[in-house]
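Here are a few notes to read alongside the model. I've kept them to helix packing, the chain contact and the nonpolar cores.

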Amino acid sequence: MEKKTTVHAEPGKQELIITRTFDLPVALLFKAYEDPEIVEQWMGTKVLQLENREHGSWRFETSYEGNVVFSANGVILEFVPGEKITRTFKMENTDFPVQLEFLEFEKVTDSTSKLTMHIIMRSVAFRDQLLKMPFAHGINMAHDRLQQIADSLK
Amino acid sequence: MNLRRDVFQAIADPTRRAILLLIATQAMTAGTIASNFNTARPTVSRHLQILTECELLTQEQSGREIYYHLNPAKMKDIADFIEPFRQLWEDRFNKLEAVMKKYKNNR
């Protein structure tokens, strides 16, 4: 089966491009980014602020068992309904510098659309670190599960 | 984890990427590889050493010559390395698609 989501990360470059084709009209795809309640549903995060306009700001926060485990914020530089969002992204409480994100929404057919996310990082090292995050996280998850199994055997 | 980071750093260098591309089609000796670059021979040797240490290249003795081969298994590791990141976005976007289909039907 063809992979719907592609990640293009050329070695030695501080950028990465994520593309995805959706079985949704472009208007609905854009709405998923525009409507705070809908963002909360698919991102699994709380939307504290989302000002969809030039020079607007946004802030997301994710909690797990009462503790904030992830928070991020940024400013919206460009906002063209149904077409594009350009924004900054900063993960709070991490060493990651601000990254720049260009989101482009395109109509493919009346019922399908394409999203292109072009992310630019401060350095190649930070780009590579970002790519490795889910990998490192996966290891932690496996570790936690091992711990649970070990605990259950006690 | 260290090994993986090293592999990533190894392919971040343009000369080393060029060496990998060059060897992809056929195994070569250090001399032949060096003759393809304007870089000094010891510099090319250093690149070959790094690529060999990361297991991206393997050495094979043939008579008096040592041939360098590409290690496809290790190259695949690099592709696999990005896979968890891709999967993370795939899952997120699948969720988005499902949420929006439900939204459309409920209107």
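**Notes on the predicted model**

1. Start with α2(B) and α4(B), which sit roughly perpendicular to each other, because their angle of about 75 degrees falls in the 65 to 115 range. This is a predicted model, by the way. The two helices, residues 14-25 and 41-53 of chain B, have their axes 10 Å apart.

2. Which residues make that contact? On the α2(B) side you'll find B:T15, B:R16 and B:I19, and they meet B:H47, B:I50 and B:L51 of α4(B). Sorted by class, that's 3 nonpolar, 2 polar and 1 charged.

3. Next, the largest nonpolar core, with 15 residues. Inside it, B:I33, B:L48, B:L51, B:L56 and B:L57 have the most contacts. At least two core residues come from each of α1, α2, α3 (30-35), α4 and β3 (65-70) of chain B.

4. Leaving out residues up to four places away in sequence, B:L48 touches B:A30, B:I33, B:L57 and B:Y68.

5. A separate core of 12 residues includes A:V26, A:L28, A:L29 and B:L96.

6. Last, the contact between the chains: 22 residues come from chain B and 23 from chain A. On the chain B side, α1 (2-12), α2 and α5 (72-105) each give two or more residues, with α5(B) supplying the largest share, 17 residues. That side of chain B has 15 nonpolar and 7 charged residues, and no polar ones.

Terms used
Residues numbered from 1 in each chain as written. Chains lettered and ligands numbered in written order. Predicted model: local features only at pLDDT ≥ 70, side-chain atom pairs only at ≥ 80, totals over all residues. Axes fitted to C-alpha atoms, helices over the stretch in contact; angles between N-to-C directions. Helix = DSSP H or I, 4+ residues; strand = E, 2+ residues; numbered from the N terminus. Parallel < 35°, antiparallel > 145°, perpendicular 65-115°, else oblique. Contact = placed C-beta atoms within 7 Å. Nonpolar A, V, L, I, M, F, W, Y, C, P; charged D, E, K, R; others polar. Core = buried A, V, L, I, M, F, W, Y, C linked by C-beta atoms within 7 Å. Buried ≥ 20, exposed ≤ 12 C-beta atoms within 10 Å, placed from the backbone.
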